[in-house]
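Visitor: I would like to learn how to read the features of a model like this one. Please take them one at a time.

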Amino acid sequence: MASERPLLVATTPGASTPDDAPSPHPPAASLLPPAQSEPPLRADRLAFSVEVPDPFRPPYRRGDGPAADPSASSQQREREGGDDESRGVIVGEPSPEFAGNAIRTAKYSLLTFLPRNLFEQFRRLSYVYFLAITVLNQLPQVAVFGRGASVLPLAFVLFVTAVKDAYEDFRRHRSDRQENNRLASVLALGTAGEFQPKRWKHIRVGDVVRVASNETLPADMVLLATSDPTGVAHVQTVNLDGETNLKTRYAKQETQVRFSQNAGVGGILHCERPNRNIYGFQANLEIDGKRVSLGPSNIVLRGCELKNTTWAIGVVVYAGKETKVMLNSSGAPSKRSRLETQLNRETVILSFMLIGMCTTASVLAGIWLLNHRRELEFTQFFREKDYTTGKNYNYYGVGMQIFITFLMAVIVYQVIIPISLYISMELVRLGQAYFMGADKDLYDESSRSKFQCRALNINEDLGQIRYVFSDKTGTLTENKMVFQCASIRGVDYSSGKDTGGYSVVVGDHLWTPKMAVKADPQLVKLLRDSGSNEEPKLVLEFFLALAACNTIVPLVLDTRDSKQKLIDYQGESPDEQALAYAAASYGIVLVERTSGYIVIDVLGDRQRFDILGLHEFDSDRKRMSVIVGCPDKTVKLYVKGADSSIFGITNNSSELDIVRATEAHLHKYSSLGLRTLVVGMRELSRSEFEEWQLAYENASTAVLGRVNLLRSVAANIERNVHILGATGIEDKLQDGVPEAIESLRQADIKVWILTGDKQETAISIGYSCKLLTNEMTQIVINNNSKESCQRSLVEALATTKKLRAASSIGTQGPLLASETSTVTLALIVDGNSLVYILETELQDELFKLATECSVVLCCRVAPLQKAGIVALIKNRTDDMTLAIGDGANDVSMIQMADVGIGISGQEGRQAVMASDFSMGQFRFLVPLLLVHGHWNYQRMAYMILYNFYKNATFVLVLFWYVLYTAFTLTTAITEWSSLLYTVLYTSLPTIVVGILDKDLNKATLLAYPKLYGSGQRDDKYNVNLFVLNMLEALWQSLAVFYLPYFVYRLSTIDMSSLGDLWALAPVIVVNMQLAMDIIRWNWIIHAFVWGTIAATTVCLFVIDSIWVLPGYGAIFHIMGTGLFWFLLLIIVVTAMVPHFVFKAFTEHFRPSDIQIAREMEKFANVNQVNLSEIPMRGLS
Amino acid sequence: MPPPLSLLRPHDVSSGSLAVALYALLHHFPRTFPPPPPASPSGHSKASLMDPLEMQDDSKKSNKPKYSKFTQQELPACKPLLTPAIVISTFLLVGILFVPIGLASLSASQEIVELVHRYDTNCVPLADKVGFIQDTKTDKSCTRTLTVPKHMKNPIQIYYQIGDFYQNHRRYVKSRSDKQLRYKDAAHLTKDCEPEVYGADGAPIVPCGLVAWSLFNDTYTISVNKKAIEVNKKDIAWQSDKNKKFGSDVYPRNFQNGNLIGGAKLNESIPLSEQEDLIVWMRTAALPTFRKLYGRIETDIMENDQLTVVIQNNYNTYSFGGSKALVLSTTSWIGGKNNFIGVAYLTVGGFCLFLALFFVVLYMIKPRTLGDPSFLSWNRCTLDYPN
């Protein structure tokens, strides 16, 4: 196994050298190591935790056929366009052949704005439909409505949107300009060390740039030299991957020396083509006739900030849009809500209905004309000819009449496709967004962040989520490691109390560590008393180990008080930070670190410890160690690591009882959910040290197999360790995370954790947030080649089947099918394996396996892999996915998922910017999904169906009338009422109901997470419901039309009067239907529903008071007859009876969960006994 | 500082609409900048450069949502449920209400005495009906005798009923000029009146358009038991039409003097507001078979009285195969004689009573405790379903 794993060192040996890249300088063969000596190497300590195949190596080596390298095919994919050309950069010579450093995020220019914007707007099908109808209406033969009036609405919407877009783009232009015009110091051409300011946009690949501390890097650069003599630079990558800690980057000694001697620049750099992998970089530099290989630790990326380093000089290798950060910021894909997508299906059905109705009307019109064609001339109501001119008047023959009738029918019946629905939906989403933002339960006090809807078109998706993909750090946890307790030499010190912290006096300044840790008073006392006693000395050693055995860089920060300074520990591992802070709280304060030594303030006494050697952490050894030269001239080895790893190297015989006691404490700590580390120490004799030093130096300068050599050196020295003790660190979960995850799980939402963390960390977090439990069977996929991945996947699948089979035999009967899944499986995959699985045929296997498992944890995943995992589910199922994260490394996943949520936490704003919704805490996911998501979904689903239904009712009423007008598309209803029907008569109540109606209380929804299932199952919007609604529309339109028809069949009724009845009756009917379906009547809803009916009546009064319209006075006249009122009553009752019967029947005899929950709310007092006993039944 | 109109993400552009812009305006989305240039200036300065509101953030006291019943969606509300009691009483109520209404309507309709006499077939020679009707010289009077089946109380309405005449035909209803009807000066406003716009002299026709042109021109002279009775033709049109819609200073001009006579002629000395037959006619009928008020008889007619009607059969319904009938009818609150509404009420009422009974039985057969959590789908499988 060990030989398969990539070994981890900071610099990669020449394995990555492109021996066949066309380079102007053929490589000197002698300097090249054998091509496939080692797998590509990564520096784990440097957070390049993701195994990325060497993109530099071609899949096939010339001459030796298919490569044996299993990752060859994925390598090819990794490379942009499969082109294996590298780019050659002459250091110090700006090269115009590559992209410049200017960036452009704006979409339009002055010239392209109008056409492009219109094009984009008309990509919405509804606008096209709108336009087509408007154009049709302009034809004089076809015109149904007034010309100007029909253009106005569309023009208005287009104009407002265009203005909004223009303003947005203007803002983008401005920010682009600001970004492009920032200044950077660039080495002037032809000089040796003169840097001149240059605008960012003029920087080119090959420029040598000097960056000072706290400046942002303008482009991706390979470090050439830094202010530190050893070539170390620290960068903060918060804009890039969301991690706030400092990362160490190195300039190569070869270039560092050159610059420190002011020897100027030179050399040719060959690097891979621009790609999006921010954790990978392969290049080599030819300098002074030598070839130096460069890895990811030698490059600093655009967007990072230089920290704690006075200056750094680098050569630009990628600029502008080719920088990794720009390549990673692929534009947010447009998201559409699922309902909106489904709605298209119904729209198509309705289009067919529309075409059907138009065809029927026009064909019947044609038949009528044919039957009467001889009579048309003298028929008073037709009169084909104008007798003064003798020409046909507005008559073009039967064929043409059919065509014209068809077009007119389209205009008259167009409302059956509810265009206004799109506007209503947006208004509803607006209201929903307002209420989500106003919800006090979604407000985070600590970060003072409100819930924000950033995308306004997917509110209702929140009610249909089946998969939640969560980031770990900062999302589930607070990203704050806190030292909790220690076991030292077998004694447990876990009764920490708040102390004021500990400060160090330096000159006349007081240096205080940024974070104080609760200190155990007993331990503090013990430390203070440290005399010659053995015990306190070892306690001191323990804390020295904590302070020394790490890679923490202490930063001294100014505070407002000039006497006070803060010590901020920066490092890549939050655990190490926590340990350093802990040591500081006990008085052992790490104050300074240089590349050769560290200064520790030991209880007020500043001491210098030389760091003689460091064995970095790797996940095989699971420990790290430092060799320290102490002030008393002794040489000590401090080691810390996982318990299993340290206990293996203790001298068991002498310390058995201590080991036992420590083990017991460790068990206690980890059961409390703490992350544990064991610390050990060994004093080295002079001979041992010298022996080690020789080996260490040999190993670290070795060209071949450096990693293995270093590991064996470490293994040699890390033995016979004395156990100093163990630590317990709490990775503080955010408030309510375990409860939130439990709720989500009960709601049948699968929670997957995707983290860049180590596997052990991920698992321990999994336990502490109750995602993983001890009853679960864990399947770990942790492989290093495609074959082994495949093997493990197949094995795992087989195991799952076996377990399933076994468990189903274990339980009795098929009745309890849902209970058979007692064997819960947890899948743990790591990023290395995912490299071989994602985007290969193994994906399907992983998908099968993952869907079998109730919990999935992915560790050490790169940003794009996170997106890949989301895509894995998204592309294979219809299930809705939600991604939640807080860092820039979550951006791709947030954009990939159906719903992306950004946590507005400490880490940058990248995730929030890319998200659809942003909020302050992970636990808000529960009210967001279970309450607001549920409400939004059921409201929106109902509103869409209702809009289809109400427009269909109206159009059908119009259609029935056409059958009695010789198929000439006369509408008895005035054209004003026709236009107002969708706009005013029926739209407002649906919008208000869509915003305000709630099927269930917040408390009920939270108490019964399973109620969320209605959204997941598409209970509220599906074809069946659509058909049901259409049938209701059909019945109601028949009632509305034919009851008056039969009553007034042989009477003096005039068109306008009957038209008013036919306008008023459907308005009342559809509003009654709405009223029947409203669940919660508050005064606003009352006002809108009844107000709308009143408003309709008023509108009819107003329209019939306009004397120039033929219908003048009709409504007053007809309302004066008793028959009218009796008709209205019977129409409404007849129309509503089927709906009422259906509702009464299903609600009583086939109640949905929601219905029962509603009854529970209403009769809570009556059924209280039941409530308290049964509700959580079956939820485990 | 004016609230900046915030920026939505680029993809909002395509879905953009009024509502989105509105939302942006209302909320001026703090920190809603398009993400693209992430590699931008250092942390804080960047944020402040891009978004002025970010700076305000610290100074703002609190952006915590204010609590109110409205914002928390906790307005007091009534939550009606369709409990068995409500369902049954609703059906009962409807039934109890509807059956009497139905009976009342039915009896009202039964009391109406209606005499319908179709005369278009009897008043023309069998051959060449169209020729006959188009010939202006022939005498078209036609005498019909009817027996009154039942005592008819005054006022007795006289209608003419025309069948298969599409007064709601699209090209017909549009062919009128309402402005012209009202204002003397608006005689030239004839653009909608095609194809009946100008008279032979080229001057506009008043009233123009097909509707006026096709004015019905059959007349009825009625005598009961050989004794002529007066037909009151006053106030047969709507008062509102006479007052507002038809001008009292607008006189017919050029009317019915074109190549083709559509129907009745108008007395050019009477203003339009007094031409009640025209006003009635121009209130176009909703359905292809319709009645229009011709006049009123203000005396009772006894049972078995002999009614003699002399019809001037002028109106041409023969060219399109329409029918004509004379209708005499007494009045009641329900309008004309029509059993349909009564039957409909009885049917719906009866059906609701049946449904009430049906649901009573259903609820008795399959009772269910409302709000019993054991009926929740995820609880159901573990409990016995009560049958």
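Visitor: Is S177(B) buried or exposed?

Guide: The cut-off for buried is under 20% relative accessible area. This is a predicted model, and in it S177(B) has a relative accessibility of 8%, so S177(B) counts as buried. S177(B) sits in the loop between α7 (170-173) and α8 (178-182) of chain B.

Visitor: What is S177(B) in contact with, leaving aside its neighbours within four places in sequence?

Guide: S177(B) is in contact with L189(B), C193(B) and C208(B).

Visitor: Which residues of chain B does UniProt list as "transmembrane region"?

Guide: The unreviewed UniProt entry lists residues 85-108 and 343-365 of chain B under that name. An annotation may be inferred rather than shown by experiment, and the model can be read beside it. Residues 85-108 of chain B are 100% helix and 0% strand, with end C-alpha atoms 35 Å apart. Residues 343-365 of chain B are likewise 100% helix and 0% strand, and their end C-alpha atoms lie 32 Å apart.

Visitor: Now an annotated residue in chain A. Where is D471(A) found?

Guide: D471(A) lies in the loop between β17 (465-470) and β18 (477-488) of chain A. The UniProt record, an unreviewed entry, places the feature "active site" at D471(A). Its relative accessibility is 3%, so D471(A) counts as buried.

Visitor: What does D471(A) touch, not counting residues up to four places away in sequence?

Guide: D471(A) touches L476(A), L754(A), K866(A), I884(A), G885(A), D886(A), D890(A) and M893(A).

Visitor: How many residues of strand β34 (residues 855-859) of chain A are buried?

Guide: Five of the five, so β34(A) is largely enclosed by the rest of the structure. Both faces are covered: V855(A), L857(A) and C859(A) are buried on one side, and V856(A) and C858(A) on the other.

Visitor: What does an antiparallel case look like, and in what order do its strands come?

Guide: Chain A has an open sheet of six strands, in the order β3-β2-β4-β13-β5-β11, with antiparallel pairing. At the edges stand β3 (195-199) and β11 (299-300) of chain A, each with a single partner strand, so one side of each has no neighbour in the sheet. Inside that order, strand β4 (residues 208-212) and strand β13 (residues 311-318) of chain A pair over five bridges. The bridge partner of A212(A) in β13(A) is W311(A).

Visitor: And helices? Which residues of helix α27 (residues 975-985) of chain A are buried?

Guide: An α-helix has 3.6 residues a turn, so residues three or four places apart point the same way. In α27(A) the buried residues include S977(A), S978(A), Y981(A), T982(A) and Y985(A). They cover an arc of only 130 degrees around the axis, which puts them on the same side of α27(A). These buried residues pack against α10 (419-438), α26 (925-962), α28 (987-996), α32 (1055-1077) and α33 (1083-1103) of chain A.

Visitor: Where in chain A is confidence lowest, and where highest?

Guide: Confidence is lowest in helix α1 (residues 72-78), at a mean pLDDT of 37, and highest in helix α31 (residues 1023-1047), at 94. Chain A averages 79, and 85% of its residues score at least 70. Over residues 810-821 of chain A pLDDT stays under 50, and the model has five contacts there beyond four places in sequence. Residues 1167-1180 of chain A also stay under 50, with 24 such contacts.

Note on methods
Residues numbered from 1 in each chain as written. Chains lettered and ligands numbered in written order. Predicted model: local features only at pLDDT ≥ 70, side-chain atom pairs only at ≥ 80, totals over all residues. Heavy atoms only, no water. Buried < 20%, exposed > 50% of the residue type's maximum accessible area, 1.4 Å probe, protein only. Helix = DSSP H or I, 4+ residues; strand = E, 2+ residues; numbered from the N terminus. Arc of directions from axis to C-beta. Contact = heavy atoms within 4.5 Å. pLDDT = per-residue confidence, 0-100. Pairing = 2+ DSSP bridges.
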